[in-house]
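Thanks for making time, everyone. I have one model to walk through today.

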Amino acid sequence: MQQIWNDLLFAHWPIAPEIMRPLVPSSLPLDTFDGQCWVAVTPFHMTGVRARWTPPLPGLSAFPELNVRTYVTHGGKGGVYFFSLDAGSRVAAWAARSTYHLPYFHARMQVADHNGSIQYRSIRNHDAELSAEYRPIGSVQIRESGTIEHWLTERYCLYTVVGDSVYRAEIHHHPWPLQDAAAEFSANTMARAAGIELPAIQPLLHFAKRLEVLIWPRKKA
């Protein structure tokens, strides 16, 4: 699959490994930075979604998406584990759930850009919603290896578990063009819907304006 991710916010909170461990399949070792797991709530919107070498399909190539994720390893390769992925397209959510066995949901979603400030609204149900306004507040920086920003974002595969089997889907893109960000959340129950209580602290916030992405089919890891 070929996709373009636009106006993306990484909002990261630290979570103790003993809290995270029961929420992630035991076949996936938790990945930690300085002894902490991290969970991200990540709103963005996608364009140009299509199978590679094929034209985009009207009504299926552009829609908002909202992820809740953490970080794991398998066979020594770090990657992403998703608790949920909400999409503004019902068909896209069904197709991704069917082909990648990812926990996709359909949600009512709205995204608007007001002079560089992104207003984002997503409602799956009364227990899973996000209402936020976010914006970049710094210049683009490619983060160096060893920094927490690099560790959180430069991950080039995702993992799913089906039965007793672990599957990996490879992801390719250029390094993240991250900017420091500011955000205000008037509603955020996305992590709680996955069984995660976020700490009452300011999250680590980063913004990326645009990133082209390739995603390969999942294979047994």
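**The pocket and the strands beside it**

Let's start with the largest pocket, which has a volume of about 660 Å³. Keep in mind that this is a predicted model.

Who lines this pocket? The lining of the largest pocket counts 39 residues.

Now the elements. Five of them each supply at least two lining residues: β1 (2-15), β2 (37-50), β3 (63-74), β4 (77-87) and α2 (90-100). Which element gives the most to the lining? That is α2, with 7 residues.

By class, 28 lining residues are nonpolar. Another 7 are polar, and 4 are charged.

Next, β4. This strand belongs to the pocket lining, and I want to trace its neighbours. Is β4 mostly covered or mostly open? Mostly covered: 9 of its 11 residues are buried.

β3 and β4 run antiparallel, joined by 10 bridges.

On to β5, residues 104-106. β5 pairs with β4 in the parallel sense, over 3 bridges. Here L85 stands opposite Y104 of β5.

What is the sense of its pairing with β4? Parallel, over 2 bridges. The bridge partner of Y81 in β9 is Y159.

Stay on Y159 for a moment. Y159 also stands opposite R168 in β10. β9 and β10, the latter spanning residues 165-172, pair in the antiparallel sense over 6 bridges. They form a hairpin too, with 2 residues between the strands. G163 in this hairpin takes a positive phi near 65°.

We moved to β4, where 9 of 11 residues are buried. From β4 we stepped to β3, in an antiparallel pairing. Then came β5 and β9, both paired with β4 in the parallel sense. We finished on β10, the antiparallel partner of β9.

That's my tour. Over to you.

Technical notes: Residues numbered from 1 in each chain as written. Predicted model: local features only at pLDDT ≥ 70, side-chain atom pairs only at ≥ 80, totals over all residues. Heavy atoms only, no water. 1 Å grid on protein atoms, 1.4 Å probe; cavity = no way out; pocket = protein on both sides within 12 Å on 5 of 7 lines; lining within 4 Å. Points joined across faces, edges and corners; volume = space filled by probe spheres on them. Helix = DSSP H or I, 4+ residues; strand = E, 2+ residues; numbered from the N terminus. Nonpolar A, V, L, I, M, F, W, Y, C, P; charged D, E, K, R; others polar. Buried < 20%, exposed > 50% of the residue type's maximum accessible area, 1.4 Å probe, protein only. Pairing = 2+ DSSP bridges.
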